[in-house]
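Trainee: I'd like to go through this model with you and check what the labels rest on. Could we take the terms one by one?

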Amino acid sequence: MNQRSCDPRHGAIMVTGASSGIGAAIVRRLAEHNHDVVAIARRTDRLAELAAETGCRTAAVDIRDTDRVYELVREVGPSVIVNNAGVAHGMAGLAASADDDIRVAIETNVIAPIHLIRAAIPLMKEAGGGHIITIGSISGLYPLVSALYSASKGAMHSAMQTLRMEVRGMGIRVSEIAPGRTETELYDAANIDPADRERMRVSGVELLTPDDVAAAVMFALDAPLHVNIGLIELTPTEQAIGGASFTPFER
């Protein structure tokens with residue numbers, strides 16, 4: 001099959017973590033362009049509201065439930081997947097992270113999206129094309145505030161870069177969207193002290209919005225099929241990454 005005879009954008013698009021924030025914004029953008037969207041999240045009430053608003057299909061699934069994820073992929077047969085679901089556990093520092101924080105962070109941010117990708121690749125290959133999009137973070141590209149969170153996002157960044165090699169010749173595109181500080185519920189769900197949560201949420205600058213990130217997803221998706229947008233890094237104008245910090249050791 002000529003890979004250009006199969007436009008994956010005409011098939012089903014699965015979006016994880018779709019009940020709020022970036023995920024919900026992506027679903028809305030896709031629905032505006034009349035895509036067949038399957039929104040995946042745990043919160044059934046939020047999914048019901050999103051379906052009523054956009055007309056999307058929904059599936060109430062914990063993406064860490066690997067068996068159910070594989071089952072859902074077989075049911076839907078997605079030609080595009082958007083790995084968006086994630087948690088921000090570990091923001092208080094690795095030494096202060098509980099065993100459960102580490103387990104949930106790696107299971108949600110790394111293991112779950114890898115299984116979803118693994119489940120989807122054979123179907124995309126058979127169909128003659130597909131698109132794998134992962135919402136990463138600048139924390140996966142640069143040293144920032146959390147070793148645990150950065151480790152999970154860095155793992156997916158490396159996976160996306162290498163996956164491009166693995167799927168070459170299959171007509172499958174691979175894109176990573178790496179946003180900086182974004183106005184979402186990520187910190188609200190993080191397992192951290194409430195005072196630290198509020199401090200992290202307040203930046204004093206105009207942050208990215210979920211729709212800004214959704215627009216980047218659409219840019220990658222709408223590129224001509226012979227064009228692969230490998231990585232989009234976007235930050236608030238007033239957020240710059242780099243420099244060094246010095247903290248004297250109290251002897």
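Trainee: Where does histidine 115 sit, and what makes that stretch a helix?

Mentor: Histidine 115 lies in helix α4, which covers residues 99-127. Helices here are DSSP runs of H or I with at least four residues, strands are E runs of at least two, and both are numbered from the N terminus. Before we go on: this is a predicted model, so local features need pLDDT of at least 70 and side-chain atom pairs count only at pLDDT 80 or more, while totals for chains, interfaces and linings use all residues. Residues are numbered from 1 along each chain as its sequence is written, and side-chain values use heavy atoms, with hydrogens and water left out.

Trainee: Why is histidine 115 called partly exposed?

Mentor: Buried means under 20% relative accessible area, exposed means over 50%, and partly exposed is in between (1.4 Å probe, protein chains only). Histidine 115 has a relative accessible area of 21%, so it counts as partly exposed.

Trainee: Which residues is histidine 115 in contact with, and what counts as contact?

Mentor: Contact means heavy atoms within 4.5 Å. Leaving aside neighbours within four places in sequence, histidine 115 is in contact with Thr66 and Tyr70. For histidine 115 and valine 61, 54 residues apart along the chain, the C-alpha separation is 14 Å.

Trainee: Is aspartate 67 buried or exposed, and how do you know?

Mentor: Aspartate 67, in helix α3 (residues 66-76), has 64% relative accessibility, so it counts as exposed.

Trainee: What does helix α4 lie across?

Mentor: Helix α4 lies across β1, β4, β5 and β6 (172-179), running at about 170 degrees to β4. Axes are lines fitted to C-alpha atoms, for helices over the stretch in contact, and angles run from 0 to 180 degrees between N-to-C directions. Helix α1 (residues 21-32) lies across β1 (12-16), β2, β4 (80-83) and β5, at about 160 degrees to β1.

Trainee: Now the sheet. How do you know which strands pair?

Mentor: Two strands pair if DSSP finds at least two bridges between them. Strand β2 (residues 36-41) is joined to β3 by four bridges, so by that rule they pair.

Trainee: What is the order of the strands, and what makes a strand an edge strand?

Mentor: Seven strands form an open sheet with parallel pairing, in the order β3-β2-β1-β4-β5-β6-β7. The edge strands, β3 (57-60) and β7 (231-234), each pair on one side only. From one strand to the next, the twist averages 15 degrees.

Trainee: How is β6 covered?

Mentor: β6 is mostly covered, with eight of its eight residues buried. Ile172, Val174, Glu176 and Ala178 are buried on one side, and Arg173, Ser175, Ile177 and Pro179 on the other.

Trainee: What makes aspartate 7 and arginine 9 a salt bridge?

Mentor: The rule asks for a side-chain nitrogen of Lys or Arg within 4 Å of a carboxyl oxygen of Asp or Glu. Here the N to O distance is 2.9 Å, so the pair passes. Aspartate 7 is partly exposed at 21%, whereas arginine 9 is buried at 15%. By this rule the count comes to 10 salt bridges.

Trainee: Which parts does the salt bridge between glutamate 53 and arginine 28 tie together?

Mentor: The closest N and O atoms of glutamate 53 and arginine 28 are 2.7 Å apart. Glutamate 53 is in helix α2 (residues 44-54) and arginine 28 in helix α1, so the pair ties together parts that are 25 residues apart in sequence. Arginine 28 has a relative accessible area of 32%, so it is partly exposed.

Trainee: And which residues join arginine 64 and aspartate 62 in one network?

Mentor: Arginine 64 and aspartate 62 form a salt bridge, with closest N and O atoms 3.3 Å apart. Salt bridges that share partners join Asp62, Arg64, Asp100, Arg103 and Glu107 into one network.
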